[in-house]
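Have the sequence and the coordinates open as you read.

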Amino acid sequence: MQAASIAIVLREPKAQLIVRNLEEEVVRELRMRAASHGRSAEAEHREILREALLPGRRKMSLQEFLLTMPNVGEDADRSEDRGRDVEL
């Protein structure tokens with residue numbers, strides 16, 4: 001197994017993180033995970049670091065938020081009212 005070397009370059013307002021000597025399998029999995037989330041490998045890498053290091057500060061995606069909503073059943077109890085006629 002190769003050892004990864006990490007370089008952190010501090011610049012205002014953001015820092016850069018360079019990770020070298022990663023196994024091809026890790027890079028391939030990062031790219032696949034990024035593609036499944038619709039973002040670049042770099043953006044995915046940032047998100048992985050945020051999730052690991054700042055778990056309480058992570059913002060929930062719209063999909064994740066909607067999945068937290070309870071299933072309250074069918075809409076059978078909704079009124080059949082179709083609203084009022086509107087003149088256009």
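This is a predicted model: local features need pLDDT of at least 70, side-chain atom pairs count only at pLDDT 80 or more; totals for chains, interfaces and linings use all residues.

Residues are numbered from 1 along each chain as its sequence is written, and side-chain values use heavy atoms, with hydrogens and water left out.

What does arginine 33 pair with? Arginine 33 forms a salt bridge with glutamate 51, and the closest N and O atoms are 3.3 Å apart. The pair links distant parts of the chain, as glutamate 51 sits in helix H2 and arginine 33 in helix H1, 18 residues apart. A salt bridge here is a side-chain nitrogen of Lys or Arg within 4 Å of a carboxyl oxygen of Asp or Glu. Side chains of opposite charge can pair when their charged atoms come close. Glutamate 51, at 30% relative accessibility, is partly exposed too.

Now follow H2 (residues 41-53) to glutamate 44. Is this residue buried or exposed? Glutamate 44 is buried, because its relative accessible area is 0%. Leaving aside residues up to four places away in sequence, glutamate 44 touches Leu30, Arg33, Ala34, His37 and Arg39, where contact means heavy atoms within 4.5 Å. With arginine 39, the side chain of glutamate 44 meets in a salt bridge of 2.5 Å, N to O. Arginine 39 is partly exposed, at 32% relative accessibility. Put together, Arg33, Arg39, Glu44 and Glu51 are linked in a network of salt bridges.

Another pair is found inside H2. The side chains of arginine 50 and glutamate 47 meet in a salt bridge, at 3.3 Å from N to O. Both residues lie in helix H2, 3 residues apart, or about one turn of the helix. An α-helix has 3.6 residues a turn, so residues three or four places apart point the same way. Arginine 50 is partly exposed, with 39% relative accessible area, whereas glutamate 47 is buried, with 12%. The count for the model comes to 5 salt bridges.

Let us step back to the fold. The chain has 3 helices and 2 strands, and along the sequence these follow the pattern β-β-α-α-α. Helices (H or I, at least four residues) and strands (E, at least two) are DSSP runs, numbered from the N terminus. How far should the 13 residues of H1 span? At 1.5 Å a residue the span should be 18 Å, and the end C-alpha atoms of H1 are 18 Å apart, which agrees; the expected span is 1.5 Å times one less than the number of residues.

Asparagine 21 is found in the loop between strand E2 (15-20) and H1, and its phi is near 60°, a positive value in a residue other than glycine. Asparagine 21 is partly exposed, with a relative accessible area of 44%. After H1 comes glycine 38, whose phi is positive, near 70°.

Further along, leucine 62 lies in helix H3 (residues 62-67). Leucine 62 counts as exposed, because its relative accessibility is 62%. Together with Met60, Phe65, Leu66 and Met69, Leu62 makes a nonpolar surface patch of about 550 Å². Patches are made of residues with over 30% relative accessible area and no salt bridge; like charges are joined within 9 Å, and nonpolar side chains (Val, Leu, Ile, Met, Phe, Trp, Tyr) within 5 Å.

Finally, some totals. Buried residues make up 6% of the 88 residues in the chain. The chain exposes about 8700 Å², with carbon and sulfur atoms supplying 53% of that area, as computed by the Shrake-Rupley method with a 1.4 Å probe. Of the contacts with a separation of 6 or more, 7% are between residues 24 or more positions apart. The mean pLDDT of the chain is 81, and 82% of the residues reach 70 or more, on a scale of the predictor's confidence in each residue from 0 to 100.

Terms used: Buried means under 20% relative accessible area, exposed over 50%, partly exposed in between (1.4 Å probe, protein chains only).
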